[in-house]
Each structure stands twice: as C-alpha cells, then as structure tokens.
Amino acid sequence: MKIILLLVFLILSLAFPLMVAIGNKKSGMLISMAFGGFLYLLSTSMTNFLAMAAGLSELVDSEDKLTYVVIVVLSLTLVTMMFRVLKKGYSDQKNADLIYSGFSLINTFVYNMSAYSILVFIAMNHSLEKLTKYYPVEVAQQLLEHYDGISISSLLLLITEMALTFWILKALFNLVCRDDSGLFEYLLFLIGLFVHFYSQYCIENSLIVFTVYLILFFVNYRGKLGIKRKSSL
C-alpha cells in the first residue's frame, strides 16, 4: 500500500503542472513555462544566498525557521517584481498559469522526485539482502528502518499537503504574474506566501497547519467553487 501511495504522490507531482499547462495551451507556451522555470531558479538562488549570509545552515529552532520563511517570501516577491521589467514577460491570466506551470515542474515534480524517489526504490527492494547490493549493511538497515517507520496516514497527509500547496501557490502566482497586477496584488501575494510558509515551517500542530491550508485554498478559490455570499435585503 505504501508504494502505491508514493507512486500516486509522484505521479500527481507531475500531473498537476501538466494539467495547468495543457489547460492553458497556446502558441509560445514553452517560452512562458521556461520563464517560470527561470523564476524558480533565480528565486531559489537568492534564497540560498540570503540564507547562507544569515548563517542558516540548519533550521533548528523557531527563530531560524522564521528567518528562513521571511527570506523565501521576500525572494519570491522580489524576483516576481523584477521580472516585470522584461518586455512581455507578463501578460494575461493564461500566460500567468503557464509561468506557474514551469515554476511548479521544478518546485513540485523535480523536487519531490529527488526527495522521495529513494523511498520507492527501498519499497521495491524491501529486504536487507537486496539493499546491501547497493549500500553498506549499516546504511541499508537505516533505510529499511526509516521506510518501515513511515505510516500510511503520513503518506496520505503528504499527498494532501502537496495538492493544497500546489493550488494555493498557483492562485498566488496568478495574482502577480500578469501585466495588470499592482501593488495591492503584490501585497496579497506577500501575505499569502508568508501565511503559507509560516504554517509549513513554524507550526508543528498538523491540525492547525491543514486548517490554515484549507482557509487559504477557500479564500483563493471560493468564487470558482460556486460559493457566493447572499446579498443583504
């Protein structure tokens, strides 16, 4: 069952960005997607540089985690603002979705593949005898213990978190990766990013974290879900 959930997780990590890309198909779409990939690389480079300058080698205590969240949020906000100076870098909502598709192909799929494909490998070679063909005995034992310690519920939560994070970030990027976005949209982008990443890195209670995710998802998609406020009499 665990290997099935891991495969579902990795398949969805690729399917979501491709769904956004196919749903906004147009001529020159690969350029917009490459633009999104470059946005990811530049913002990540800025994040890593600032984190290194701040001495954040590991996120140990709450102060380090908060500092890292601030760095991530500022890096993404500054890079998306910098890209506005590029001629025709941003245009309409369809182009914004394509930019996010390129961004998320790396941020979601490539990252998850690099981080979690090892678990699929362990699941397919789930014995000390098989793993010792590739790793020393001590390492193989540690890998098996780590894999066996992962519960079904934690994998279900991982899939849910990935899905909510993907669509929340899509909505936030759609605010600012358009030529008609202004300071108000960037303020909403910054606040939304901070709330999301603060919940992800700084709050340990899973119930609170997923409550925040659901609120962010509802706030960004309430219109598309067909939920409207009743007009007052």
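These are my notebook entries on one predicted model.

**Ground rules.** I am reading a predicted model, where local features need pLDDT of at least 70 and side-chain atom pairs count only at pLDDT 80 or more, while totals for chains, interfaces and linings use all residues. Residues are numbered from 1 along each chain as its sequence is written, and side-chain values use heavy atoms, with hydrogens and water left out.

**Overall.** I looked up the secondary structure and found 9 helices and 0 strands. Helices here are DSSP runs of H or I with at least four residues, strands are runs of E with at least two, and numbering starts at the N terminus. The C-alpha atoms fill a box of roughly 65 × 50 × 40 Å along the principal axes. Of the 233 residues, 39% are buried. Buried means under 20% relative accessible area, exposed means over 50%, and partly exposed lies in between (1.4 Å probe, protein chains only).

**Salt bridges.** I counted 2 of them. The rule asks for a side-chain nitrogen of Lys or Arg within 4 Å of a carboxyl oxygen of Asp or Glu. Asp97 pairs with Lys170, with the closest N and O atoms 3.3 Å apart. This pair links distant parts of the chain: Asp97 sits in helix 4 and Lys170 in helix 7 (residues 152-176), 73 residues apart. Both Asp97 and Lys170 are buried. The other entry is Arg178 with Asp180, at 2.9 Å from N to O. Arg178 is buried, at 16% relative accessible area. Asp180 is exposed, at 54%.

**Surface patch.** Which residues form a nonpolar patch on the surface? I listed Leu66, Val70, Leu74, Leu78, Met82, Phe184, Leu187, Leu188, Ile191, Phe194, Val195 and Tyr198, with about 980 Å² of accessible area together. Helix 3 (62-82) and helix 8 (183-202) each give two or more residues. Helix 8 has the largest share, 7 residues. A patch takes residues with over 30% relative accessible area and no salt bridge, joining nonpolar side chains (Val, Leu, Ile, Met, Phe, Trp, Tyr) within 5 Å and like charges within 9 Å. Areas come from the Shrake-Rupley method with a 1.4 Å probe; for residues, only the protein chains shown count as cover. I checked Val70 in helix 3. Val70 is partly exposed, at 33%.

**Helix 3 and helix 8.** Their axes come within 9 Å and cross at roughly 150°. That makes helix 3 roughly antiparallel to helix 8, a label for angles over 145 degrees. Axes are lines fitted to C-alpha atoms, for helices over the stretch in contact, with angles from 0 to 180 degrees between N-to-C directions.

Terms used
Angles under 35 degrees count as roughly parallel, over 145 as roughly antiparallel, 65 to 115 as roughly perpendicular and the rest as oblique.
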